[in-house]
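This briefing goes through selected features of one protein model. The sequence and the structure come first, and the notes follow by topic.

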Amino acid sequence: MSLELSIRKHLGSFDLDVDLTAGAGVVGLLGASGCGKTLTMRCIAGIETPDEGRIVVNDRVFFDSEAGVNLSPQERKTALLFQNYMLFPNFTVEGNVGAGIPKSVPADERKRIIDRELHRFDVTAFAKRYPHQLSGGQQQRVALARMLAANPCILMLDEPFSALDSHLKMMLEQNLSSLFDAFDGTIVYVSHDIDEALRFCDSIAVMERGHIVEIDQGREIVDAPHSKAALKLSGCKNVVDVKRTGDHTVFSPQWGVTLRIPGGVPDGTKALGVRASYLERASEPGENVFRMRVDRVSDSRFERSAQLAFLDRESGAEPEANDREMHFLHQHLFWRVTHRDEQGLPETGEELLVRIPSEKIYLVAE
């Protein structure tokens with residue numbers, strides 16, 4: 001079971017240019033809204049047609065611009081689950097589950113398949129009901145049962161939990177695990193949530209502006225990102241452009257400070273990232289210790305977030321933004337402190353020393 005994808009498509013000011021190879025298991029397409037995740041999936045399904053390229057699933061050519069091959073969505077036999085499940089409102093549950101089974105399948109075999117999937121997803125009791133008579137969780141289980149009943153060659157899911165609250169989302173994720181356990185093939189999972197992708201995906205392709213900028217196992221994306229996009233999607237709140245100023249130093253025009261990197265600065269380094277929880281309160285000056293002012297704080301259940309302004313900005317720093325919100329977003333350092341921190345919580349207006357640990361700094365080239 002495999003997917004080979006090399007496609008290009010031009011849409012106004014947006015260009016999709018994706019190359020991806022995946023085997024059996026779950027590959028995630030992770031990226032911000034508008035980066036091309038859903039468009040890629042729709043091209044695989046045949047809903048959209050690339051301008052050029054090639055799509056091969058399980059050694060069967062779906063699309064080949066040079067050879068003139070472009071199978072219809074029906075011929076491709078893919079299964080695509082959208083956010084709203086798209087059940088047929090005038091079909092019962094068993095009618096929906098059987099909707100994708102070819103008409104050539106004998107009636108007794110058709111019933112056996114439907115009963116198997118109704119049982120697998122625990123919706124047998126609702127077989128005669130209609131979608132409007134089901135809860136959101138029940139509708140999702142019916143949609144998943146329909147996907148497997150159709151015996152697709154590839155499964156594709158487009159942010160199936162984006163509209164759900166956290167409690168319901170946690171419950172419905174178990175349904176998805178049952179689907180993945182039952183399917184022996186390639187599954188493409190679209191998401192903008194790194195935690196969700198980590199739970200489900202064997203590998204993650206990070207997308208930005210129509211391109212895959214990085215692909216790796218989930219923990220590698222989090223622990224050793226190689227792109228600004230991966231840094232941001234992994235939850236890193238402090239990501240800024242930098243200039244390499246020496247073998248062991250970089251300068252951030254946005255923050256207006258120079259940071260020392262004892263491990264060395266690779267050629268081509270363009271950006272720096274540090275997680276908000278890695279920052280440390282310092283008692284005295286030292287390497288990567290900066291004098292800062294707390295400009296804003298906000299509290300959540302377990303921690304306080306603070307926005308810190310650098311008080312000793314160097315020449316060459318970007319001028320402070322006219323727009324106050326843009327100023328906070330781009331020229332401040334974000335710091336997270338647990339409510340049980342022994343050194344106390346930062347307070348608005350406080351001036352303090354903060355260390356950016358060099359061993360916790362990410363350097364990326366893109």
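This is a predicted model: local features need pLDDT of at least 70, side-chain atom pairs count only at pLDDT 80 or more; totals for chains, interfaces and linings use all residues.

G273 stands opposite Y362, a residue of strand β22.

**Three-stranded sheet**

- Three strands make up an open sheet in the order β12-β16-β22, and their pairing is antiparallel.
- β12 (238–241) and β22 (362–364) are the edge strands; each has a single partner strand, so one side of each has no neighbour in the sheet.
- From one strand to the next, the twist of this sheet averages 20°.
- Strand β16 (residues 271–274) and β22 run antiparallel and are joined by three bridges.

**Five-stranded sheet**

- A further open sheet has five strands, in the order β17-β21-β18-β19-β20, with antiparallel pairing.
- Its edges are β17 (280–282) and β20 (332–338), each of which pairs on one side only.
- The twist in this sheet averages 50° from one strand to the next.
- Strand β18 (residues 289–299) runs antiparallel to strand β19 (residues 303–310), and seven bridges join the two.
- R296 has Q307 in β19 as its bridge partner.

**Helix α1**

- Helix α1 spans residues 37–45, and seven of its nine residues are buried, so the helix is largely enclosed by the rest of the structure.
- The buried residues of α1 are K37, L39, T40, M41, C43, I44 and A45.

**Largest pocket**

- The largest pocket holds about 770 Å³ of space.
- Its lining has 22 residues, of which T78, A79, L80, G100 and R146 are the closest to the pocket centre.
- Three elements each give at least two residues to this lining: α2 (73–76), β7 (78–81) and α5 (136–149).
- β7 supplies four residues, the largest share of the lining.
- Sorted by class, the lining of the largest pocket consists of 16 nonpolar, four polar and two charged residues.

**Salt bridges**

- The structure has 24 salt bridges.
- One of the salt bridges is formed by the side chains of D17 and R8, at 3.2 Å from N to O.
- D17 is partly exposed, with a relative accessible area of 27%, and R8 is also partly exposed, with a relative accessible area of 25%.
- R8 forms a salt bridge with E52 as well, and here the closest N and O atoms are 3.8 Å apart.
- Because E52 lies in strand β4 (residues 52–57) and R8 in strand β1 (residues 3–11), this pair ties together parts that are 44 residues apart in sequence.
- E52 counts as partly exposed, at 42% relative accessibility.
- Through salt bridges that share partners, R8, D17 and E52 are joined into one network.
- R244 and D247 also meet through their side chains in a salt bridge, at 3.1 Å from N to O.
- R244 counts as partly exposed at 34% relative accessibility, whereas D247 is exposed, with a relative accessible area of 53%.
- The cut-off for exposed is over 50% relative accessible area, so D247 at 53% is classed as exposed.

Methods:
Residues are numbered from 1 along each chain as its sequence is written. Side-chain values use heavy atoms; hydrogens and water are left out. Buried means under 20% relative accessible area, exposed over 50%, partly exposed in between (1.4 Å probe, protein chains only). Two strands pair if DSSP finds at least two bridges between them. Axes are lines fitted to C-alpha atoms, for helices over the stretch in contact, and angles run from 0 to 180 degrees between N-to-C directions. On a 1 Å grid over the protein atoms alone, a cavity is a set of points where a 1.4 Å probe fits but cannot get out, and a pocket is an open set with protein on both sides within 12 Å along at least five of seven lines; lining residues have an atom within 4 Å of a point. Grid points are joined across faces, edges and corners, and a volume is the space filled by probe spheres set on the points. Ala, Val, Leu, Ile, Met, Phe, Trp, Tyr, Cys and Pro count as nonpolar, Asp, Glu, Lys and Arg as charged, and the others, Gly among them, as polar. A salt bridge is a side-chain nitrogen of Lys or Arg within 4 Å of a carboxyl oxygen of Asp or Glu.
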